[in-house]
Amino acid sequence: VEHIDCLCAGRGVDKPRYDFEMHLRAPETDRLEPRPVILVEGIMVLVDADVRERMDLKIFVDTAADIRLMRRIRRDLESRGRTFSQIRRQYYRTVRPMHMAFVEPAKEWANVIIPEGGENLVALEMVIARVEKILAGGNIHVVLAKPASEG
């Protein structure tokens, strides 16, 4: 919320990095400068009412559960150094229960739900047209998308 407020006020922020192998925030940050459209993404951002009220457009990108799971397994094996046993344990203990409790119900707060993830070209064209209209207005706007690759 603080970072969104700073960016909307025209001030840059230092965005934390997360180390997925260590399961901790990394000491490094990434500097973000304000832009006409601020894209906030994450699987839990619609859950927070303070974040939602700052959004001009709330998008939920929906992808089938089996596709999300396969993407997670591939990503965690190839990029995060995890074993299949670790992935399975985390999925059953936290990922699936948290998805069912928080992410799935968050659809109710979305202005737009895009089925088929990034493969829905009609929906993507509509979002692009909306962002182009926002850009033409000259003010800073906050747009949200939930990444389809996450569970």
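**Notes on a predicted model**

1. Start with the contacts. Take those in the protein between residues at least 6 apart in sequence: 67% of them join residues at least 24 apart. Keep in mind that this is a predicted model.

2. Next, the elements. The protein has five helices and six strands. Read from the N terminus, their order is α-β-β-β-α-β-α-α-β-α-β.

3. Now the overall extent. Along the principal axes, the C-alpha atoms fill a box of roughly 50 × 40 × 25 Å. The protein exposes about 9,600 Å². Carbon and sulfur atoms supply 55% of that area. Of the 151 residues, 34% count as buried.

4. Charges come next. There are 24 positive side chains and 24 negative ones. The centres of the two sets lie 4 Å apart.

5. Look at Leu 7. This residue belongs to helix α1, which covers residues 2-8. Is Leu 7 buried or exposed? Its relative accessible area is 7%, so Leu 7 is buried, the cut-off for buried being under 20%. Leu 7 also shows how sequence and space can be compared. Leu 7 and Ile 38 are 31 residues apart in sequence. In space, their C-alpha atoms are 7.8 Å apart.

6. Ile 59 counts as buried because its relative accessibility is 3%. Along the chain, 52 residues separate Ile 59 from Asn 111. Their C-alpha atoms are separated by 6.1 Å.

7. Then the aromatic rings. The structure holds one aromatic pair. The rings of Tyr 91 and Tyr 92 have their centres 5.7 Å apart, and their planes meet at 75°, so the pair is edge-to-face. Planes over 60 degrees apart count as edge-to-face. Both values are given because a pair of aromatic rings is described by the distance of the centres and the angle of the planes.

8. Check the accessibility of these two tyrosines. Tyr 91 has a relative accessible area of 17%, so this residue is buried. Tyr 92 has 58%, so this one is exposed. The cut-off for exposed is over 50%.

9. One last side-chain arrangement. Which residue lies over the face of Trp 109? Arg 52 does, at 3.8 Å from the ring centre.

Conventions:
Residues are numbered from 1 along each chain as its sequence is written. This is a predicted model: local features need pLDDT of at least 70, side-chain atom pairs count only at pLDDT 80 or more; totals for chains, interfaces and linings use all residues. Side-chain values use heavy atoms; hydrogens and water are left out. Helices (H or I, at least four residues) and strands (E, at least two) are DSSP runs, numbered from the N terminus. Buried means under 20% relative accessible area, exposed over 50%, partly exposed in between (1.4 Å probe, protein chains only). Contact means heavy atoms within 4.5 Å. Accessible areas come from the Shrake-Rupley method with a 1.4 Å probe; for residues, only the protein chains shown count as cover. Lys and Arg count as positive and Asp and Glu as negative; His and the chain ends are not counted. The place of a charge is taken as NZ of Lys, CZ of Arg, CG of Asp or CD of Glu. Rings of Phe, Tyr and Trp (its six-membered ring) pair if their centres lie within 6.5 Å; planes under 30 degrees apart count as stacked, over 60 as edge-to-face and the rest as tilted. A charge sits over a ring if NZ of Lys or CZ of Arg is within 6 Å of the ring centre and within 35 degrees of the ring normal.
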